[in-house]
Amino acid sequence: MFPEFGLFSLILAWLFAFFLAVVPLTGVIGKRESLQRTALGFAWAVFFFNSVAFAILIHAFVTDDFSVSIVSQNSNSLLPWYYKFSATWGNHEGSMIMWVFMLSAWMVSVSLFAQTLTTELKAAVLSVLGIIAFGFLAFILFTSNPFARILPVPPAEGSDLNPLLQDIGLILHPPTLYMGYVGFSVAFAFAVSALITGRFDASWVRWSRPWTNIAWAFLTLGIALGSWWAYYELGWGGWWFWDPVENASFMPWLIGTALIHSQAVTEKRNLFKSWSVLLAIFAFSFSLLGTFLVRSGVLTSVHAFTSDPNRGLFILGILGLTIIGSLILYAINAHKIKTSGQFKLASRESFILMNNILLVVIAFAVLFGTLLPLLADLFHWRKLSVGPPFFNVIFNILMVVLLALLGIGQLLRWKKHNLKSWWPFFIAAGAGAIVIALVLPWTLTGQLHWQVWLGLALVFWVIGSLVKAILDRSQNNASMMSAMRKAGLGFWGMWLAHLGLVISTTGVVLVANLDIERDFRMAAGDSVEMDNYRFVFDQVSQQQGPNYTAQKGHVSVFRGDREVAQVNPEKRYYQVKGSVMTEAGIGGNLFRDIYVSMAEPLNDERTVWSMRLQVKPFVRWLWFGAILMAAGGILSITDKRYRMAVKGGRS
Amino acid sequence: MNPKRKQRLLLVLLGVSGVTIAVALVLFAVRQNINYFYTPSEIAGDMAPHDKTIRAGGMVSNGSVKRVDGTLQVYFTVTDFAANVEVLYDGILPDLFREGDGVVVIGKLDDKGLFTANSVLAKHDETYMPPEVTHALEQAGQTTTSNQ
């Protein structure tokens, strides 16, 4: 009976989303406060019924209710309970339920934390979120019913979860990523509400900023988790593939990054207002586009998609309505946005503008590269693919410019900055960065790569500038400590996020240029030398897992006479689906990972193997940097002025 | 010019020049890095360029996989059941690479018709077929029926 309740609950959520989309909005347009006040109740109702439906689906997975069709397709009674739990969102229908559940969670958090918003703005924001929820719940109900049953004879056993997804990565990655994706809907709703109500005062962006930052922080973590998961779970040590699914999450991140910067200008200087509105619309549109790319099947083939078009067309419809609708609204109302104030070329505003242009250009270049193969498919051109070098060229060149500008921009004052007294610092920092970046890797590795040189020079350049930022703050203060406190959490958030960017960049530059990868043929007892490391293949043993069998390799890694790592790569065979998985053996520390994968057995007794051995310097910095960026995003919203805004509004 | 209009002009110029450079960069980069897909029949019909990175796909012919002893080199034949392409690959084959299953190879074709792959993509689960392989098989199916 439970699954039927789930479906029923979903239908109720849909009904309430309809009310939420219509009633308060009518109140906003007709200026009737009694109707505006209904928003809160409807939002909570949507959240409640969504949660019930999501909980029932989770229950079905955890209790092995194989009469529910998606449970039988994506789970198995042999799975450990936590994978049964996470299998709930390891499939199309379940992940869509999670999508809407998170949307409704964002809704109620807005209603909880934005108590001092005017009734009108709150009603408008919740109503816009209600429209989105209505669209996606309709999508679930009409094309992807998660509670569809196999009756009267349910299968006795499920056909198992894809082994790649049986991992901690799948428990964490999709929820974090979706929180980010869906979180941009709040910034979007604030922007659209401002367009509807015609109020573009400073409070609008002050309210919207924390939400954008939180969503962005989640998205940052989500992308990093995805990259980390691909790194250790796919078994071959790649950490970014420019795969369309990755691009789908990276594009909203780029636009979101531009948005948090332009919102800073809008809040502090009351400039770039219409640009911030437009970016908020773009950020969420890119999130929806990502959902469309991943969920419609369009990536497999445009024609496979058109032969079963319901799902794809539905999301395409939502996507089109959102983009066209909000852009029309923007075109009609944008002239009402008045900006005043000026700034010079040497000012924080103009550098943030350059940051925005660069980020938006990267996002659209990635979009172009992602959609080109789909266009070719659609118009029956010769099938083509756009290789990673395309994305690398564009991304690297523009990131070089971005980092070079960041070193200057983060130090500048608003409005107008007199650079004269700063030239000595810029010249010293620039020269220092270039020299250190040349000498340091050379003495440590004995190798010269111009890419490493360039990348590290930029890293040291930005670090120099980060140090300078702190020194400047402490100049007029008695002690360093009091200066640190005075700077405010907003400053520290920025500082931390930029430090995170530098750390990620260091990781990318070093692992992309200095990693070593070779394939060897190895039998038990063999040893090979690679880049000062000696890999000894001790033996192969048989392993029995809960739902798989495996050959497990035992490899000791030496540097000189000292043993630096013991790694155990595995080749797993999952019985239920008959699939094979390569589980890498990773032994790492802060500065390098040793990455060993067993590729194929080369004899029938499975004792001789082709092995891939890799040494990946600084690879972990990539993800540490992302964690710092997210932390910076969160830290900056705990700044006093947001708390003051809450208090000030109440009095 | 008053300062406000001067500033606006500056912004527009900055924007336009930025976008122009970006578009030029994108077009340049994409021309270098598009890999076209060719079916085995098209390769056999000499429609594919030589010494340029392309993609090809089809089924791995049964009994065609041959290893070179003592190395990781492997030869195999990719077919769309109308024509065959001989492929050489030096490295580790994906877990789900099997004779009789679909595969996509990325690499260069030489003048003797040997395709040297620098990467081999197989399906990533039991039921999934790379769309390009389906396409290649359909194409071959169409050409054989139209020949009859």
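Author: In chain B, strand β6 (residues 102–109) runs antiparallel to β7(B), and 7 bridges join the two. Strands here are DSSP runs of E with at least two residues, helices are runs of H or I with at least four, and both are numbered from the N terminus; two strands pair if DSSP finds at least two bridges between them. This is a predicted model, in which local features need pLDDT of at least 70 and side-chain atom pairs count only at pLDDT 80 or more, while totals for chains, interfaces and linings use all residues. Residues are numbered from 1 along each chain as its sequence is written, and chains are lettered from A and ligands numbered from 1 in the order in which they are written.

Within this pair, B:Val105 stands opposite B:Val120 of β7(B). The hairpin of β6(B) and β7(B) has 4 residues between the strands, and B:Gly113 takes a positive phi near 90° there. Strand β7 (residues 114–122) of chain B also runs parallel to strand β5 (residues 84–90) of chain B, joined by 4 bridges. In that pairing B:Leu114 of β7(B) is opposite B:Glu86.

Another strand of chain B pairs across to chain A: β1 (residues 34–38) of chain B and β1(A) are antiparallel over 3 bridges. A:Ser385 faces B:Asn35 of β1(B) in this pairing. Between the chains, 33 residues of chain A are in contact with 28 residues of chain B, contact meaning that C-beta atoms, placed from the backbone, lie within 7 Å. Elements of chain A that each supply at least two residues to this side include α14 (348–378), β1 (384–386) and α15 (388–409). That side of chain A has 15 nonpolar, 11 polar and 7 charged residues; Ala, Val, Leu, Ile, Met, Phe, Trp, Tyr, Cys and Pro count as nonpolar, Asp, Glu, Lys and Arg as charged, and the others, Gly among them, as polar.

Chain A itself has 21 helices and 11 strands. The C-alpha atoms of chain A fill a box of roughly 80 × 80 × 55 Å, taken along the principal axes. Its radius of gyration is 27 Å, which agrees with the value near 26 Å that a compact globule of 651 residues would have. This radius is taken over C-alpha atoms, and the globule rule is 2.2 Å times the number of residues to the power 0.38.

How values were computed:
Two residues are in contact if their C-beta atoms, placed from the backbone, lie within 7 Å.
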